[in-house]
Amino acid sequence: MNLSLSDEQEFLREAASGSLARVKTVEAAREALEDPSALPDLWPLVKDAGWNGLLISEERGGAGLGGFEAMLVLEECGKVLAPTPLLGLLPASAILDAAGDESLAAVAGGDVRPAYVPARPPSDIDAEWSVESVSGFARGAAVRIAADGSVTGTVAWVPDAPGADLLVVVGVDADGAPAAVAVDAADATIEPATRYDATRSLGHVTFDHAAGRRLQVTERDLEYAWYLAQTLIASESLGSVQTTLAMSLEYAKERFTFGRAIGSYQSVKHELTEVLRRMENSRSLQFYAGWAAADKPDEFALAASAFRNAAGHALDHATRSNINVHGGIGATWEHDAPLFFRRAQLSRRLLGGTHDAADRVASELLLAAAAA
Amino acid sequence: MDLNDTPEQAGFRDQVRSWLKEHKGQAPPSTGDSGDSAYIDSRRAWQRQLAEAGLAGLTWPKEFGGQGKGPIEQVIVNQEIAASGVPGILDVIGIGMLGPCLIAHGTEDQQSRYLGSMLHGDEVWCQLFSEPAAGSDLAAVQTRAKRGDDGSWSLTGQKVWTTNAQFAAYGLLLARTDADVPKHKGMTMFIVPMDGEGVTIRGLRQITGEAEFNEVFFDDLNVAADAVVGGVGNGWGTALTVLMYERLTIGLGSEGFGYRSDRFAKALSTDKAACADPEVRQRLGDLSTDLLAVRFTGYRTLTALSKGQIPGPESGLAKVTTVNAAVAAGELLADVIGPDALSEDSEWFHMISFLPGLKSAGGTEAILRNTIGERVLGLPPEPRLDKGIPFSELRAKEKEAVG
């Protein structure tokens, strides 16, 4: 039994923290709300660190690391709201690697930036693969992939699609079976759709008989990509919770009312202990997801969905508590608290949302109970 | 990250498993009536068998009859015992918490007199700490110990929430020996005989209707000077050792309550309407998320233990999560099943009725959150009115305040 980081994993995390610290990402997150050009271009930093090849096997020019290492990097990004394109890139690279695709050398070398165009796997009560809709509660139909590899359909709110070179698209073939194709981004229509959190690059992607290259992958590879994306956005949230809690604690110790530090009041103390509780639960589930990704594929859907659910709610709770602890000043434009609040509110609604993750936890457990 | 056994641990697990396979036929049922002395005797005999096979007191040093092993081996034994469907040791409190306290603070005489018979189940122990007015604020105990001219002590007071008192031979009792000093300083720990003159034990019935705990009354119980553990006036420090081992014992057996997401999901899975209901699914998803997190928090605790670290108050958050998730599960099951979930023969009757009390076990959730806020998050303490004031004055002030 050893649920701690290896020396290599510690080093990866420290290196990520160190390189991200060289850019003023939090300040940029505020400026970019009014001036999108203020957002730093972190693609060179990503390439320097080799994160673009993180999940690509060594013989194809990558680092050959696993899902857990990817989660650790995203956690560091989340701590400082770094606008890296990794949420879109990493699941895409995992699919390309599984397919042994011809683009891998260019992706590992940083010459081609791929983005994952996701589709959600079926559940116990929904037999179809489905995608995010532009608006409304109903999910959209997965894109259709014809026998010649051409793609037709729309996927909304695709992370890191704007500016990507290659789209790794998950859809269904003529028989309704899941399939994936690589599409040159120039052959798709990508409508940038940044909302509320300027650090989160999003786009609505439309294909109209776009030429695609069939990728030789299994259904399991495509499920893995979806759940990997869940763990990555959850890890970002876990990182953001840590920064938010640290901000709250610092203020609770130095701000006095009625002659006492506000952190001495039970109401404040209990609220922040609740943030800690949710943060620790999310941390435990990150270990579960990391372990399942490597050693227990049958539980990865459950672990990843539980992690996503816990971390999404933890960040919502943490950012609201942070504003409460700061009082009115926490809700002002100059403060960092609203930037993390914005991150929480948008993140919770992407890639199915935390609501869908909770439902998936139930789905996996009910399927297992029925099979037992 | 590795959840598998090392080769040494796997070898140990095999040994434990094969011993259990060979002997499980001799084991008594896992549950029974704690008021039935024949059943309790069968559990004592089983504990003796486990002890003789080296499956009790794993972490006790060898010189006291233990195995000198680490917490991981203890967990392996717990897991294998649970998997084979036999009961574990009867005296979890003695072996897990009170024995280690005697090992740390007891005299040689106390150690040689009590530890062996504790380990073998010949003498079961109980913990006499909580009182009606001293629970989360344990240092407010009022049970008085007065020293006579011959050096012996006379104990008077009331203890509550005492598990196993009805068949225990001895108890470890925290008493106030000096009310004229601040409250943490005037306490002393005693070994008391549960069949002594002046000891009255009464079952304390709870919501379930069963008496899973006891109240114990002391009316001038006389004990000799050598009943003191850890020195006169050092009771608080001695108590903290027990509380540390209490966290450890709970941390090593955290899934023992049976509050598991797969079990709850199985119960719901037969109700098709419930399985299709979005609200039921959200509730199941949320409470299961918490319970899965707790399982891995347990593995994190084990990792820390195997590196020689002691779990701190933050491990109490896992208890908060477990209890609240189990409460949510009971709510969901009762909503889905209806009133039958509340009937006495329902699988969920005990859980639903037991949890409201469990929420305060080992300290209320509110006080636990205070402690964690201060010790883990480093937040400033709540202003306290009991610091540096002699206990007797404090009591007088409290009485004055309520008129």
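Tutor: A starting point: the expected span of a helix is 1.5 Å times one less than its number of residues. Helices here are DSSP runs of H or I with at least four residues, strands are runs of E with at least two, and both are numbered from the N terminus.

Student: What span should helix 7 of chain A have, and how far apart are its end C-alpha atoms?

Tutor: Helix 7 of chain A has 36 residues and should span 52 Å at 1.5 Å a residue; its end C-alpha atoms are 54 Å apart, which agrees.

Student: Where does this model come from, and how are things numbered?

Tutor: This is a predicted model, in which local features need pLDDT of at least 70 and side-chain atom pairs count only at pLDDT 80 or more, while totals for chains, interfaces and linings use all residues. Residues are numbered from 1 along each chain as its sequence is written, and chains are lettered from A and ligands numbered from 1 in the order in which they are written.

Student: Back to helix 7 of chain A: how many of its residues are buried?

Tutor: 28 of the 36, so helix 7 of chain A is mostly covered. Buried means 20 or more other C-beta atoms within 10 Å of the residue's own, exposed means 12 or fewer, and partly exposed is in between, with C-beta atoms placed from the backbone.

Student: Which residues does A:Ile95 touch?

Tutor: Not counting residues up to four places away in sequence, A:Ile95 touches A:Val168, A:Ala180, A:Leu215, A:Val217, A:Asp221 and A:Ala225. Contact means that the two C-beta atoms, placed from the backbone, lie within 7 Å.

Student: New topic, helix packing. At what angle do helix 4 and helix 8 of chain A cross?

Tutor: Two packed helices are described by the angle between their axes and the distance between the axes. For helix 4 (residues 67-79) and helix 8 (residues 266-295) of chain A, the axes come within 8 Å and cross at roughly 145 degrees. On the helix 4 side the contact is made by A:Gly67, A:Phe68 and A:Met71, and on the helix 8 side by A:Gln286, A:Ala289, A:Gly290, A:Ala293 and A:Ala294. They divide into five nonpolar, three polar and no charged. The axes are lines fitted to C-alpha atoms over the stretch in contact, with angles from 0 to 180 degrees between N-to-C directions.

Student: Which classes are those?

Tutor: Ala, Val, Leu, Ile, Met, Phe, Trp, Tyr, Cys and Pro count as nonpolar, Asp, Glu, Lys and Arg as charged, and the others, Gly among them, as polar.

Student: And the interface: how many residues of each chain are in contact?

Tutor: 41 residues of chain A are in contact with 42 residues of chain B. Helix 8 of chain A supplies the largest share of chain A's side, 15 residues. That side divides into 24 nonpolar, eleven polar and six charged residues.

Student: Backbone now. What is phi of A:Tyr196 and of A:Leu351?

Tutor: A:Tyr196 has phi near 65 degrees and A:Leu351 near 50 degrees. Each value is positive in a residue other than glycine. A:Tyr196 is in the loop between strand 8 (189-192) and strand 9 (202-210) of chain A; A:Leu351 is in the loop between helix 10 (337-347) and helix 11 (353-371) of chain A.

Student: Is A:Leu351 buried or exposed?

Tutor: A:Leu351 is buried, with 25 other C-beta atoms within 10 Å, whereas A:Tyr196 has 13 and is partly exposed.

Student: What share of each chain is buried?

Tutor: Buried residues make up 58% of chain A and 41% of chain B.
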